[in-house]
Amino acid sequence: MSKAHHRKKHPEAVRQQLLEVAARLSLEKGPASVTLDAVSQAAGVSKGGLLHHFPNKLSLLDGLFDDLTQKFDRALAERMRDDPEPKGRFTRAYVAVWFLPDGMADGDQWKVLTVALISEPHLRERWRQWVERQLAENVGTDSALDAVLVRYAVDGLWLADLLGTPALDATTRAAVLERLLALSRT
């Protein structure tokens with residue numbers, strides 16, 4: 001028997017490694033560089049091992065989407081749990097996760113996914129459904145026009161950061177954050 005039959009296997013760790021490598025390749029070399037061959041080679045996993053987890057590139061992107069939205073859901077839930085004020089709670093969590101430096105630990109992977117969302121209709125539809133689900137769950141507390149404006153402003157800031165447009169200086173960014181949080185309470 002080969003050594004592969006005797007060594008311990010850690011499928012979840014391999015799966016996570018494949019997702020991280022795919023995200024890194026996309027950031028470093030662009031989304032077109034994310035091929036199954038490139039990911040398997042860079043991760044040091046056989047192509048068969050990669051295909052066990054992700055049978056095609058779209059399933060790899062779906063895996064990244066699932067992984068990141070689950071982390072995002074947990075980060076939002078944690079922020080919402082710690083916010084005693086119900087009105088605008090979801091919006092403030094959204095601001096904290098996207099806008100604050102320590103809000104989203106997987107920011108680079110989100111950059112990759114954002115680019116994929118633009119080019120993959122399937123992923124755009126999944127994102128639209130995620131957003132609709134969040135809004136439906138928080139309709140009683142986060143439907144005010146100001147909350148909507150805050151979330152769109154945060155989306156715009158995220159996109160500006162992603163595209164590397166001229167950054168806000170620290171003072172302006174702090175003032176924008178303060179204003180957005182104040183609007184979430186109105």
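**Helices and their neighbours**

Colleague: Where does Glu-28 sit, in terms of helices?
Modeller: Quick heads-up: this is a predicted model, in which local features need pLDDT of at least 70, side-chain atom pairs count only at pLDDT 80 or more, and totals for chains, interfaces and linings use all residues. Residues are numbered from 1 along each chain as its sequence is written, and side-chain values use heavy atoms, leaving out hydrogens and water. Helices are DSSP runs of H or I, at least four residues long, numbered from the N terminus. Glu-28 has its place in helix α2.

Colleague: Is Glu-28 buried or exposed?
Modeller: Buried means under 20% relative accessible area, exposed means over 50%, and partly exposed is in between, using a 1.4 Å probe and protein chains only. Glu-28 comes out at 53% relative accessibility, so it counts as exposed.

Colleague: And how far apart in space are Glu-28 and Asp-82?
Modeller: Along the sequence, Glu-28 and Asp-82 are 54 residues apart. In space, going C-alpha to C-alpha, the distance is 36 Å.

Colleague: How are α2 and α5 oriented to each other?
Modeller: Their axes come within 10 Å and cross at roughly 100°. Axes are lines fitted to C-alpha atoms, for helices over the stretch in contact, with angles from 0 to 180 degrees between N-to-C directions. Angles under 35 degrees count as roughly parallel, over 145 as roughly antiparallel, 65 to 115 as roughly perpendicular and the rest as oblique. So α2 and α5 are roughly perpendicular.

Colleague: Which residues of α5 does α2 meet?
Modeller: From α2, the residues involved are Arg-15, Gln-16, Leu-18, Leu-19 and Ala-22. On the α5 side they meet Leu-60, Gly-63, Leu-64, Asp-67 and Lys-71.

Colleague: Why do the buried residues of α3 lie on the same side of the helix?
Modeller: The buried residues of α3 (residues 36-43) are Leu-36, Val-39, Ser-40 and Ala-43. The arc, taken from the directions from the helix axis to the C-beta atoms, is what tells us. They share one side of α3 because the arc they cover is only 95°.

Colleague: What about α6 (residues 89-99) and α10 (residues 170-183): at roughly what angle do their axes cross?
Modeller: The two helices are roughly antiparallel to each other. Their axes come within 10 Å, and the crossing angle is roughly 160°.

Colleague: Is α6 roughly parallel or roughly antiparallel to α9 (residues 145-163)?
Modeller: The axes of α6 and α9 come within 10 Å and cross at roughly 10°. That makes the two helices roughly parallel.

How values were computed. Contact means heavy atoms within 4.5 Å.
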